[in-house]
Amino acid sequence: MTTRSKIVGTGSFVPEQVLTNRDLESMIDTSDEWITTRTGIKQRHIARPGENNSDLAVEASRAALSMAGIEPAELDLIIVGTLTGDMPMPSVACLVQDRLGAGHAGAFDVSATCSGFLYSLSIADKFIKDNPSMKILAIGSEVLSRRTNWNDRTTCVIFADGAGAAVVTGSDDEGGILSTCLHADGSVWELLTIRGLGTAHPIDQDIISKGWHYIEMKGRDVFKHAVKALESVAHEAMERAGWTNEDLDLLIAHQANIRILDFLRERLHLPKEKVFINIDKYGNTSAASIPIALDEANRSGRLKKGDNILMISFGGGFTWAGVTMRW
Ligand code: ACO
């Protein structure tokens, strides 16, 4: 019998405050029609002042732990994929560990932008293969609204806030993670970046006046790279699991753009009902998008025991990843 890493609980949380396309029409030169047709987004959730990344991550984690029936004190490891931590030090994972009361579980953040959750889940999988009794919390959590230039219509209509979490442990039943694939290409980092506030460009008036503390994205170029990488990693992850497209029950792809999701559906020859979509409600929440979608699919009864699920992501760096699992 093979011991696999299995997700035994999922949770998600988004801030209460909703910002609709109509709201954005009164803030910048845009329209509900442009945003809907170009991105698929109708609304997004935005954290209120004082509501931080770790607050969202803690709520999502509590929901996942409660579903799993696991106490925070039983956790061995907490891994958070994020690009918008509360502060450079400590990590979001350490803040979550303290707030949950997770004993002295190890805790660290993973910097892999929109692939942060799949990178975290893949790391969790490796730890569990080494020691199947481990209980690990893999999280994706972002407050992108604080790294968004609200005068830049090419990005501010897209990015949003939220968190998702999964509890992972070893299991001998038929479900679990079958394959993980991680990739990156740092040579084109300038296409999607937050240049400032790191050690290369520490905070000063010049950096702020240039807007280098905000997300900058060459959307059209990113789009071209994203569709190619996502299609390729989908095939790679399925091949490693021994699947063809026909074996797939649900594709959960990073919710970056409805046109990317439509492209993938066509290229992978999938019917509409096999591609999960919630970008209309949440926008692009980067590392949080896949675990939020996974939790929604799980809680709505869309995931059945034995289903074959493919998760794929693409983001700044560039990073991209694919994970297959049997539910
Ligand atoms: N409202 C109205 N018009 C707009 C807006 C807006 N919000 N934003 C841009 N436009 C205009 C542009 O100025 C441009 O006008 P022009 O032709 O007069 O110059 C026109 O619309 C077309 O602009 P494009 O940038 O070519 O629009 P595109 O169709 O490519 O859509 C988008 C832009 C949505 C950003 C798309 O390129 C995209 O989704 N890219 C990929 C994003 C992605 O996958 N990111 C990776 C993950 S995110 C992460 O890692 C954090």
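L197 counts as partly exposed because its relative accessibility is 33%, where buried means under 20% relative accessible area, exposed means over 50%, and partly exposed is in between (1.4 Å probe, protein chains only). This is a predicted model in which local features need pLDDT of at least 70 and side-chain atom pairs count only at pLDDT 80 or more, whereas totals for chains, interfaces and linings use all residues. Residues are numbered from 1 along each chain as its sequence is written, and side-chain values use heavy atoms, with hydrogens and water left out.

L197 is found in the loop between β9 (192-193) and α7 (205-210); here helices (H or I, at least four residues) and strands (E, at least two) are DSSP runs, numbered from the N terminus. Most residues other than glycine have a negative phi, and most peptide bonds are trans. The phi of L197, by contrast, is positive, near 80°, and T113, also a residue other than glycine, has a positive phi near 45°. T113 lies in the loop between β5 and α5 (116-130), and with a relative accessible area of 17% it is buried.

## Two cis peptide bonds

M89 and P90 are joined by a cis peptide bond with omega of about 5°, and P90 belongs to the loop between β4 and α4. A cis bond also joins G317 and F318, with omega of about -15°; F318 sits in the loop between β12 and β13. In the hairpin formed by β12 and β13, three residues stand between the strands, and G317 takes a positive phi near 140°.

An open sheet of five strands runs in the order β1-β7-β6-β4-β5, with mixed pairing; two strands count as paired if DSSP finds at least two bridges between them. Its edge strands, each pairing on one side only, are β1 (4-13) and β5 (106-110), and from one strand to the next the twist averages 20°.

## Strand β13 and its partners

Seven of the eight residues of β13 (residues 319-326) are buried. This strand pairs in the antiparallel sense with β8 (residues 176-184) over eight bridges, with T324 in β13 as the bridge partner of S179. It also pairs with β12 in the antiparallel sense over eight bridges, where W320 in β13 is the bridge partner of F314.

I177 has its place in β8 and counts as buried, at 3% relative accessibility. Not counting residues up to four places away in sequence, I177 touches R4, S5, L121, D125, V323, T324 and M325, contact meaning heavy atoms within 4.5 Å. The C-alpha atoms of I177 and T3 are separated by 9.9 Å, although these residues are 174 apart along the chain.

The chain is divided into domain 1 (4-174) and domain 2 (178-326), bounds that come from an automatic or database domain assignment. Between them 52 residues of domain 1 are in contact with 46 residues of domain 2, and the buried area is about 3,800 Å², of which carbon and sulfur atoms give 63%; buried area is the accessible area (1.4 Å probe) that two parts lose on being put together, summed over both. On the side of domain 1, C114, L118 and R147 lose the most area, together 18% of what that side buries.

A nonpolar core is a set of buried Ala, Val, Leu, Ile, Met, Phe, Trp, Tyr and Cys residues joined through side-chain atoms within 4.5 Å. The largest one has 43 residues, among which L251, L310, I312 and F314 touch the most other members. The elements giving two or more residues to this core are α8 (219-241), β11 (250-253), α9 (258-267) and β12 (308-315), with α8 supplying the largest share, ten residues. A second, separate core of 31 residues includes L77, L118, I128 and L294.

Notes. Axes are lines fitted to C-alpha atoms, for helices over the stretch in contact, and angles run from 0 to 180 degrees between N-to-C directions.
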